[in-house]
Amino acid sequence: MVNWEYYKVFYYVAAAGSVSEAARQLNLSQPAVSQSIRNLERTLGTQLFTRASRGVSLTGEGQMLKTYVSKSYEQLELGEEKLRQMRNLEAGEITIGASDMTLQFYLLPYLEQFHEKYPGIKINVTNAPTPETIRNLEEGKIDFGVISSPFVPEEFMETVIVREIEDIFVAARRYTGIKNKMLDIGELKNYPLIFLEKNTSSRSYIDAFLKERGVEPAPEFELATSDMIVQFALRNLGIGCVVREFAQPFLDSGKLFELRFKTMIPKRHFCVARVGNHRMSQAAANLYQMLERG
C-alpha cells in the first residue's frame, strides 16, 4: 500500500509544476518533497516527472496518474469541507418520527425555530402513530421520535417528558341535552362514539381507561386522524374523543362543547424518545437538546 502522503505531494507538484512551489504550499522542505516523489516512483516502478527549464513536467505515466489522484484528492477535500459544514451546522440532515398530533401541537414551532437558525440542515419528518415511530426508532430509520403516552418502554429507549396533554369528549348541538350534566363514564355507551383507529397510543389509552371502569367501547366510527373526528362531531355524527388542542377552536366558538364526567380522565404526555446508546449527528443532537430544554 502506497503512503497517501506521497500521493498528496505528487498532487501538489503536478498542479504547481514546481518542486519548490509545492514545498511552499505544503510547508515542507524541497528535499522532503523530492524524496517523497522518488519514493512514489520507486514504489510504482515508473518515472512520473522529468525536469524542465522552469520546474518539472509530467511524463505520460505521470499524466495518467494525475487524472486519478486529482479526482481522489478533490473528493477528499470536498468530504472534509462537508464535515466542517456539518460540525458547524451549515449542512446536514435529520430524520424525525412524529404523529399528526405531536407534529401539529408540539413539534412545529421548534422545527420553525431550528430552521431559521440553521437553514442549511434538511429536516425529514416520518409521519406515523407512536407504535410505528418506536419501531422506526429501533430499526434506525429515524434519529429520534416525538411520541405520546401510553407506550411500552423498550430497553433500547431513552425518553424525556416534554409536554402534558389532555383527552376530552366533545359533541355538537344534537347532544345539547347533556351539555351541562355531570355524567357517569358508563353513560357513553348510550351514544354513538367517534374514536381514532386502534393502532394509536391515544386509542389504547382511552380503551384502557374505559375498560377499567367497566365500559367496553364499541365506536360507531373509527377514523385515521383527530382532525376527522372533530369534523364528524361537528356534523352531529356522534361524540368524539380527541386531545383538547384539536377541538379547542370549536370549543371557543361554541360549535362544540366538552362533556363533563364525575371521573376525570388522567392527563398524559408527549415524550421525546431516542436510542440510548446511539450517537446522533451534531444537527440531530442540537434539535434534540432544544426539545429537551423546552
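1. Ala98 stands opposite Val146 in strand S5. Strand S3 (residues 92-98) and strand S5 (residues 144-148) are paired in the parallel sense over three bridges, where pairing requires that DSSP find at least two bridges between two strands. Strands (E, at least two residues) and helices (H or I, at least four) are DSSP runs numbered from the N terminus.

2. The model is predicted: local features need pLDDT of at least 70, side-chain atom pairs count only at pLDDT 80 or more, and totals for chains, interfaces and linings use all residues. Residues are numbered from 1 along each chain as its sequence is written, and side-chain values use heavy atoms, with hydrogens and water left out.

3. S3 belongs to an open sheet of five strands with mixed pairing, in the order S4-S3-S5-S14-S6. Strand S4 (121-127) and strand S6 (157-165) are at the edges; each has a single partner strand, so one side of each is left without a neighbour in the sheet. From one strand to the next, the twist averages 20°. The angles used here run from 0 to 180 degrees between N-to-C directions, with axes fitted to C-alpha atoms, for helices over the stretch in contact.

4. S3 also pairs with S4 in the parallel sense, over seven bridges, and Ile94 stands opposite Ile123 in S4. Five of the seven residues of S3 are buried; buried denotes under 20% relative accessible area, exposed over 50%, and partly exposed the range in between (1.4 Å probe, protein chains only). Helix H5 (residues 100-117) lies across S3, S4, S5, S6 and strand S14 (268-275), running at about 180° to S4.

5. Which residues have the most contacts inside the largest nonpolar core? They are Ile94, Leu107, Phe144 and Leu256, in a core of 43 residues. H5 gives the most to this core, with eight residues. Apart from it lies another core, of 21 residues, among them Tyr12, Ala23, Leu48 and Val56. A nonpolar core is a set of buried Ala, Val, Leu, Ile, Met, Phe, Trp, Tyr and Cys residues joined through side-chain atoms within 4.5 Å. In soluble globular proteins, nonpolar side chains tend to be buried together.

6. A further open sheet of five strands, also with mixed pairing, has the order S10-S9-S11-S7-S12. Its edge strands are S10 (221-223) and S12 (257-258), each of which pairs on one side only. Strand S7 (residues 167-171) pairs with S12 in the antiparallel sense over two bridges, and Phe257 in S12 is the bridge partner of Ala171. Helix H9 (residues 244-253) lies across S7, strand S11 (239-243) and S12, at about 120° to S11.

7. Leu256 has contacts (heavy atoms within 4.5 Å) with residues including Val170, Ala171, Leu234 and Phe250, leaving aside residues up to four places away in sequence. Asp207, in helix H7 (residues 201-211), is buried at a relative accessible area of 11%.

8. Helix H3 (residues 30-44) has 15 residues and reaches 21 Å from its first C-alpha to its last, close to the 21 Å expected at 1.5 Å a residue; the expected span is 1.5 Å times one less than the number of residues. Its buried residues include Val33, Ile37 and Leu40. Helix H1 (4-16), helix H2 (19-26) and strand S1 (49-52) are among the elements that cover them. Just after H3, Gly45 takes a positive phi of about 70°.

9. Cys241 is buried at 8% relative accessibility, and Cys271 is buried at 5%.

10. Most residues other than glycine have a negative phi, and most peptide bonds are trans. Asn27, in the loop between H2 and H3, has a positive phi near 60° and is exposed at 70% relative accessibility. Asn236, in the loop between helix H8 (226-234) and S11, also has a positive phi, near 60°, but is buried at 5% relative accessibility. The peptide bond from Ser149 to Pro150 is cis, with omega near 5°, and Pro150 is in the loop between S5 and S6.
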